[in-house]
Amino acid sequence: MDQTVPAYAAEVADYGRSRDPEPGEGALVKNVRPESPAWDVGIEPGMRVLTVNGEQLTDMIVWLWEADDDTVELEVFDPRDGTVTPVELDRFPGEDWGLEFDGPIFDGMRTCVNACVFCFMTMLPKGGRSTLYIRDDDYRLSFLQGNFVTLTNLTDDDVQNVIARNMSPMNVSVHAVSPDVRRRMMGRNAQRGMDVLETIMAAGIEIHAQIVLCPGMNDGEELQKTLRFCEEHEQITSLGIVPLGFTKHQNRFTWSYSDKPELARETIAMIRPYQDRAFERFGRHTFQMSDEFYLDAGIEPPEADFYDGYPQYYDGIGMIRSYLDETDNVLAADTERLRRVREVIAARSQHLLCLSGASARDTVARFVESPHGLAGSVMAIKNRYFGGNVDVTGLIVACDILEQLPQDLSGVMLFVPKLMFNADGMTLDEYHRDELLASLTGRGAEVHVVSTMPHELLDTLEHILGITPANSTIPADPTH
């Protein structure tokens, strides 16, 4: 904050009272926008907002709910002198309060109380990114960020909070509906999840549901029961069905649908009548198979309108169809831009190499390897770090890249997918992006971290190569 601005506005400076907040109490202020309502009363980064309109500030849901009007009353803790000051903020219609908090949850993450036999967290190698080992199951993150939760750890007060604050939609992992199957798969708290699910659906909460399909556990007759349950509950507006994934760091599973294409095809066929009936009733297909099933079965994924607007896109449902459609659009609409990119790369005596997970390699190649596209090549990185049937791009790690790429990368323009890095630039095996790129540059490559989606990839290439897009009057920035 500008040092010429007083720490607090005069009308609130005299209300400070000393007390120590409880550990984790309130929301830590990360940033304050200059000239905002929060700035005007002297709130600064490092302070904590303890209450909003008299409510304890435990998460962003409370904040969004209580701070919806144009006036809000806060209690703010200043760690410099231990004072708690009540302040009133006013804003113009449509103006934001100017506060950025340190995360969406302020009173501690709700962790998992289940013992799911298919839990990916229990199959991880040691020494990876620390956040990988947090078994979160927080219903608030389901509403705020789309995380899938089981609802097994909700108290009665939590359930009423979901209903009273209309936390809709919620993303819920169902897996199975028979009590004995759920207990075997999820542990002794499994029934609580079903009880809560039915309660919040009865109150009008919309549900995006998920099944992790494990051969011999919740497939076959049990899958039919679960599908019928979802069909009977209109509040479930989408159901994502994803296959069991496992690593080499466990001894419970040795195969999944990727090993038995015929079983993947049978499962796709089993789901089809439910999809057709849902479309007849609601104009949506509701029951959605993940991309892996179509890859495993060797079947082209459905057309885009089959995915009902992609409600579970980030659960891996519809990504391939979206990529294929975008590829066709770019190849048809941007022929001149693509030609210029190919010519400049050739003039630089470089070859474009794009890295990908094994499952997406052929899909990405439809654009990158096309002679009318980028005329480059795609290399699938085998996931030896996790092993098992892990083959997605987002789980690629640095050690596998360094082991599998040639030592001599001279003349290679290398594209590394940005999906493999978190917001801090770290890979799952704890390499920083800069460290990985330095190693690859040392082998002679020109390395870039990119999105492999066709439009973004083409835009990025034009910036890298200093090409002004044919349909743009804005000069490209070659340092981008």
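Visitor: How many residues does helix 10 have, and what span is expected at 1.5 Å a residue?

Guide: In this predicted model, helix 10 has 15 residues. The distance from its first C-alpha to its last is 21 Å, close to the 21 Å expected at 1.5 Å a residue.

Visitor: Which residues of helix 10 are called buried, and what do they pack against?

Guide: The buried residues are Ile320, Arg321, Ser322, Tyr323, Leu324, Glu326, Thr327 and Val330. The word applies to residues under 20% relative accessible area. These buried residues pack against helix 9, helix 11, helix 12 and helix 15.

Visitor: Which residues meet where helix 11 packs on helix 15?

Guide: From helix 11 come Arg337, Leu338, Val341, Val344 and Ile345. They meet Leu458, Asp459, Leu461, Glu462 and Leu465 in helix 15. By class, the residues of this contact are seven nonpolar, no polar and three charged.

Visitor: What covers the buried residues of helix 15?

Guide: The buried residues of helix 15 are Pro454, Leu457, Leu458, Thr460, Leu461, Glu462, Ile464 and Leu465. Their cover includes helix 10, helix 11, strand 12, helix 12, strand 14 and strand 15. Helix 15 itself has twelve residues and reaches 16 Å, close to the 16 Å expected. After helix 15 comes Gly466, with a positive phi near 75°.

Visitor: What makes helix 5 oblique to helix 6?

Guide: The axes of helix 5 (residues 179–186) and helix 6 (residues 190–202) come within 8 Å and cross at roughly 120°. The roughly perpendicular range ends at 115 degrees, and roughly antiparallel means over 145. The crossing at roughly 120° lies between these limits, and therefore helix 5 is oblique to helix 6.

Visitor: Which residues of helix 5 and helix 6 meet?

Guide: Pro179, Arg182, Arg183 and Met186 in helix 5 meet Ala190, Gln191, Gly193 and Met194 in helix 6. This contact has four nonpolar, two polar and two charged residues.

Visitor: Why is Asn166 described as partly exposed?

Guide: Its relative accessible area is 46%. Buried would need under 20% and exposed over 50%, so Asn166, at 46%, is partly exposed. Asn166 lies in the loop between helix 4 and strand 8, and its phi is positive, near 50°, in a residue other than glycine. Most residues other than glycine have a negative phi.

Visitor: Where is Tyr310 found, and why is it called partly exposed?

Guide: Tyr310 is found in the loop between helix 9 and helix 10. Its relative accessible area is 23%. The buried class is under 20% and the exposed class over 50%, so Tyr310, at 23%, counts as partly exposed. Tyr310 also has a positive phi, of about 60°, although it is not a glycine.

Visitor: What is omega near for the peptide bond from Ser168 to Pro169?

Guide: Omega is near 0°, and the bond is cis. Pro169 is in the loop between helix 4 (156–164) and strand 8 (170–173). Most peptide bonds are trans.

Conventions: Residues are numbered from 1 along each chain as its sequence is written. This is a predicted model: local features need pLDDT of at least 70, side-chain atom pairs count only at pLDDT 80 or more; totals for chains, interfaces and linings use all residues. Side-chain values use heavy atoms; hydrogens and water are left out. Contact means heavy atoms within 4.5 Å. Helices (H or I, at least four residues) and strands (E, at least two) are DSSP runs, numbered from the N terminus. Ala, Val, Leu, Ile, Met, Phe, Trp, Tyr, Cys and Pro count as nonpolar, Asp, Glu, Lys and Arg as charged, and the others, Gly among them, as polar. The expected span of a helix is 1.5 Å times one less than its number of residues. Buried means under 20% relative accessible area, exposed over 50%, partly exposed in between (1.4 Å probe, protein chains only). Axes are lines fitted to C-alpha atoms, for helices over the stretch in contact, and angles run from 0 to 180 degrees between N-to-C directions. Angles under 35 degrees count as roughly parallel, over 145 as roughly antiparallel, 65 to 115 as roughly perpendicular and the rest as oblique.
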